[in-house]
Amino acid sequence: MAGKLASPVFYDVFERLMKDDDGHVRALAALGISRTGDLRAVEQIKKLLSDEYEDVQEATVAALSNLFSSANPPECGKVGISSDELIKMIGDRNPVLRKNTVLLLGEIGAVKAVPAIGFALKDDNIKVRHAVVKSLSMIRTDESIKYLTLALTDENADIRVSAALSLGFIKRQGVSDSLVLLLTDPDDAVRTAAVKALGELDDKTTVHQLVDLLSDHSGFVVTIAIESLSRIGGETARNALVRMLSSHDKEIRRTAIKSLAPFNDIENIILPYLNDPDWAARMAAVEVLGARVSAAGAVPAGRQGSVRVELEKLLDKEEDPVVRKAVEECLDA
Amino acid sequence: MLEREEIIPLSEDVFRLLRDLIKDYCGMYFDDNSKYILEKRLSKRVKSHHLNDFRNYYRLLLYDKRRDEELSFIVDVLTVNETYFFREMNQLKALSEEILPELKNTNRESKKIRIWSAGCSTGEEPYTIAMMVLEQVFF
């Protein structure tokens with residue numbers, strides 16, 4: 001069922017079918033009525049929350065979620081379903097229902113439900129715990145952040161990854177210490193997520209820990225650490241990034257070239273990479289230097305001129321069509 | 001919960017990197033006009049790894065310990081798994097209106113033709129061809 005079925009005719013039909021003897025029909029009707037976007041449906045759908053069949057209960061939660069996500073937040077508040085009814089369902093024996101309920105509470109921003117949602121971090125089912133992380137990251141109160149931080153210690157690496165990324169996305173200060181602890185996590189994906197989150201938080205106190213990660217055995221961790229240091233900036237970060245330019249790993253070198261874009265006085269450091277044997281590294285150098293040629297006042301006129309000369313030299317010998325096109329665009333700009 | 005399919009944009013340079021990586025792994029090559037195929041079919045994979053862009057997906061394929069598993073998975077995803085009756089009507093029209101009449105002329109003596117439907121999956125395409133040949137009553 002795609003999109004809204006806005007006609008009142010649909011509403012009436014679905015409302016009738018929600019009382020059908022067949023549970024499957026009731027479930028589909030609940031989903032259908034939620035697609036009308038008509039908030040009168042809340043009361044009708046709520047009646048099915050305690051339906052005798054689990055499939056119908058599950059569809060009901062999904063229907064409420066559909067309805068709330070299609071309505072304006074103030075409207076949700078006006079007709080808001082009692083979170084008490086939903087909180088009870090977090091303890092249901094059906095894990096699908098628990099997962100969907102937790103998600104729905106997050107989507108409607110049920111602040112009151114945060115302790116119950118947080119408690120579900122102890123749920124045996126990983127999908128429920130995943131939903132908890134997602135839900136808490138939607139609510140974003142101090143208390144929900146506290147539980148998200150707790151999720152960083154989950155036994156499952158995937159949950160730790162989700163929690164770290166969520167904390168980075170929310171950008172709430174005060175969680176850096178917990179994320180720094182993950183930088184020694186045995187799982188590469190967890191370290192990568194923690195490094196990314198620390199970059200999002202832009203916390204200068206973590207620069208040294210991120211620099212240490214530049215020698216991580218995982219190239220993925222290293223490239224994300226480079227990008228995080230580029231975002232945070234500062235002299236220590238800049239020097240560390242310049243060192244990474246000499247990496248023999250192509251992707252690390254490309255990332256290091258791009259990461260220097262926000263810094264001043266890097267033209268002479270980047271220029272040699274216009275001759276890098278790797279086309280993507282040359283492309284990265286063209287992008288960084290080209291932005292300086294085309295942006296008036298980005299660098300002093302004399303230096304801008306010498307960068308332009310080097311780009312023109314590259315154009316004379318460049319065989320890769322994509323790099324050529326990028327150089328031409330820079331010079332034309 | 002019903003989730004909408006989200007297509008993550010694939011930049012030209014990352015497309016080339018990804019394409020070269022896939023070619024090195026299995027020999028499958030995507031030309032410049034096929035960027036949308038990778039974009040459309042791999043967006044879900046990007047999301048499933050909690051990644052927000054293709055650059056990081058490329059890095060995962062380069063560095064992750066599960067890279068071989070992921071690469072073999074994407075070969076499956078990228079292989080055309082379509083088979084149905086009367087697929088590619090323009091080609092079939094050419095077969096019916098141009099090729100079969102010509103074959104009729106050249107094979108007038110033997111009254112035989114041999115057709116190879118390469119990689120015919122569950123058979124919908126060869127059956128389609130057989131039906132078109134039968135419709136050409138002159139065989």
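Predicted model: local features only at pLDDT ≥ 70, side-chain atom pairs only at ≥ 80, totals over all residues.
User: Which pattern does chain B follow along the sequence?

Analyst: It reads α-α-α-α-α-α, with six helices and zero strands in chain B.

User: How do you know how chain B compares with a compact globule of 139 residues?

Analyst: A compact globule of 139 residues would come out near 14 Å, while chain B has 21 Å. The C-alpha trace of chain B spans about 60 × 35 × 25 Å along its principal axes. There's also the domain assignment, which gives domain 1 (12-78) and domain 2 (89-135) of chain B, and their C-alpha centres lie 36 Å apart.

User: What share of the residues of chain B count as buried?

Analyst: Buried takes 20 or more other C-beta atoms within 10 Å, and 14% of the 139 residues of chain B get there. As for contacts in chain B with a separation of 6 or more, 63% are between residues 24 or more positions apart.

User: Why is B:Thr83 called partly exposed?

Analyst: B:Thr83 has 13 other C-beta atoms within 10 Å. B:Thr83 is in the loop between helix H4 (67-78) and helix H5 (89-106) of chain B. Not counting residues up to four places away in sequence, B:Thr83 touches B:Ser121, B:Thr122, B:Glu124 and B:Glu125. B:Glu109, 26 residues from B:Thr83 in sequence, is 34 Å away, C-alpha to C-alpha.

User: And what makes B:Glu135 count as exposed or buried?

Analyst: B:Glu135 has 10 C-beta neighbours inside 10 Å. The limit for exposed is 12 or fewer, so B:Glu135 counts as exposed. B:Glu135 lies in helix H6 (residues 124-135) of chain B. Its C-alpha and that of B:Ser96, 39 residues apart along the chain, are separated by 9.0 Å.

User: Over to chain A. Why is H19(A) said to be largely enclosed by the rest of the structure?

Analyst: Twelve of the 16 residues of H19(A) are buried, so the helix is largely enclosed. Among them are A:Trp279, A:Arg282, A:Met283, A:Leu289 and A:Gly290. H19(A) reaches 21 Å from its first C-alpha to its last, close to the expected 22 Å.

User: Which residues have the most contacts inside the largest nonpolar core?

Analyst: That core has 119 residues, and the ones with the most contacts inside it are A:Ile117, A:Ala164, A:Ala225, A:Ile257 and A:Ala285. Helix H19 (residues 279-294) of chain A gives the largest share, ten residues. Leaving aside neighbours within four places in sequence, the contacts of A:Ile117 are A:Ile90, A:Val102, A:Leu105, A:Val132, A:Ser135 and A:Leu136.

User: How do you know that the span of helix H2 of chain A is close to what's expected?

Analyst: Compare first and last C-alpha: the twelve residues (23-34) reach 17 Å, close to the 16 Å expected at 1.5 Å a residue. The buried residues of H2(A) include A:Arg26, A:Gly32 and A:Ile33.

How values were computed
Residues numbered from 1 in each chain as written. Chains lettered and ligands numbered in written order. Helix = DSSP H or I, 4+ residues; strand = E, 2+ residues; numbered from the N terminus. Expected span 1.5 Å × (residues − 1). Domains from an automatic or database assignment. Rg over C-alpha atoms; globule rule 2.2 N^0.38 Å. Contact = placed C-beta atoms within 7 Å. Core = buried A, V, L, I, M, F, W, Y, C linked by C-beta atoms within 7 Å.
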